[in-house]
Each structure stands twice: as structure tokens, then as C-alpha cells.
Amino acid sequence: GSGKTTIAVLAGLQLLDVGAVNKLIYLRFPDKKTQGLGALPGELEEKEAYYMGPFMEALTEFGIMQEEFDRLKGQEQIQVCTNTTWRGANVKDSFLIIDEAQNGDFDDLKMVLTRIHDESCKAALIGHSAQCDNPRSRKVDVFSAYIHHMCQKSFAKETPLRINHRGKLSDWADRLMYDPTKGEFYVDNSRD
């Protein structure tokens, strides 16, 4: 609810508009809950479209409707995908949005991040470490570890978003935490 995807999409569209990049790539990590539903119908593109709702909502918010999206996609200026087909990919001259990155494990994040060419790319690694949907990723917070280590380098910056724009209920639910060692719930007020 803090606008992570929306802000990243806006940044990508602006870079595309001024010619700083040739392509906007939206990559989303599928969550195990959805994958547990079984095989989605259709071809790969149709299966991956299931995960692209947040990206499409952000595009609509900026006035880019389906027809314009289809045109940009047809001209290879926009690409939407999951990480499932990224082995061997090369990302050049692009702005890459890696959404729901908290759902990636170490190997997932490493595979995606090692596809990026430094000289011609920008990337936004976005997620919420308290909302991890994959049990393997939940055991070790790889997303936070990547953010911590990358932000010690000159090429990376962290931009925490603290305001939940969905409202009071969403904000409260996001702050409610569970400590399994104590068996207790508590409200995280560290963002006040």
C-alpha cells in the first residue's frame, strides 16, 4: 500500500520517455500460494499475465490503457514476465522492475540480478520483507540481505516508503507482527 510498484513504473516510464533506456521490463516473482493452485491455463504468456495486475494497474493510473500497452509491447519497449524463463537472459538498455522480490530465494535473486548489464541498465528491487509468501524465502530473509549488502555499494540506494496509502486498516494489519519464539502478537511502531 506504499506505492512501491507505482513509483517504480513511473520511474521506468520516465526513463523510457526521455530515451535513457530502450525497454521497461516488469519481472515478478510468483508466490508459492498461487503456484499451489496448480497449472494455470494457456500458453506461457497467458500464465504469466496472471501475475501482472499490479503493473497493469500502475500503467492505467498513468493513462496507459491496454491498446497503448499492446503497442509498446509489440515494439519491444515493454516486457512483462516472471523469473521462470530468465536463465541465460541478458538485460541491456533497460529499466528492470523486480517486484515481489521478497518471494525470491537466494538462487532466484542471484539469477535475475546477474543478468543485468551495469553500463546501460537501471533496476528497482522492490518488496516487503514482512510479506513473504514462500516458505523457503521466509526462513532466511534473502531480500533484506540483498538490500543491506547492495546499499553499502555506491551503485545502490534504498528508498523506504513508510506511508500506507490504502488506509488505516491496511496500515494496522501491516504493522501487526507475530513473534513465534514468544507465541505473541505485537504492533510494530518502528515506522512512526
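Cys-81 is buried, because its relative accessibility is 3% and buried means under 20% relative accessible area, exposed over 50%, partly exposed in between (1.4 Å probe, protein chains only). Cys-121 also counts as buried, at 10% relative accessibility. The structure holds 0 disulfides, a disulfide being a pair of cysteine sulfur atoms within 2.5 Å.

This is a predicted model: local features need pLDDT of at least 70, side-chain atom pairs count only at pLDDT 80 or more, and totals for chains, interfaces and linings use all residues. Residues are numbered from 1 along each chain as its sequence is written, and side-chain values use heavy atoms, with hydrogens and water left out.

**Aromatic pairs**

How many aromatic pairs does a search of the whole structure find? There are 2. Rings of Phe, Tyr and Trp (its six-membered ring) pair if their centres lie within 6.5 Å; planes under 30 degrees apart count as stacked, over 60 as edge-to-face and the rest as tilted.

| Pair | Centre distance | Plane angle | Class |
|---|---|---|---|
| Tyr-26 and Phe-55 | 4.8 Å | 25° | stacked |
| Phe-55 and Phe-69 | 6.5 Å | 65° | edge-to-face |

Tyr-26 sits in strand S1 and Phe-55 in helix H4, so this pair links distant parts of the chain, 29 residues apart. Helices (H or I, at least four residues) and strands (E, at least two) are DSSP runs, numbered from the N terminus. Phe-69 lies in helix H5, so its pair with Phe-55 ties together parts that are 14 residues apart in sequence. Ring pairs link Tyr-26, Phe-55 and Phe-69 into a cluster. Tyr-26 is buried at 0% relative accessible area. Phe-55 is buried too, also at 0%. Phe-69 is likewise buried.

**Nonpolar cores**

A nonpolar core is a set of buried Ala, Val, Leu, Ile, Met, Phe, Trp, Tyr and Cys residues joined through side-chain atoms within 4.5 Å. The largest one has 21 residues; Val-9, Leu-24, Phe-55, Leu-59, Ile-78, Val-80 and Ile-97 touch the most other members. At least two residues of this core come from each of H1 (4–17), S1 (23–28), H4 (53–61), H5 (66–74), S2 (78–82) and S3 (94–99). Helix H1 gives the largest share, 4 residues.

What does Val-9 touch, not counting residues up to four places away in sequence? Its partners are Leu-24, Phe-55, Ala-58, Leu-59, Phe-62 and Ile-97, where contact means heavy atoms within 4.5 Å. Apart from this core lies another, of 18 residues, among them Val-91, Leu-109, Met-111 and Val-142.
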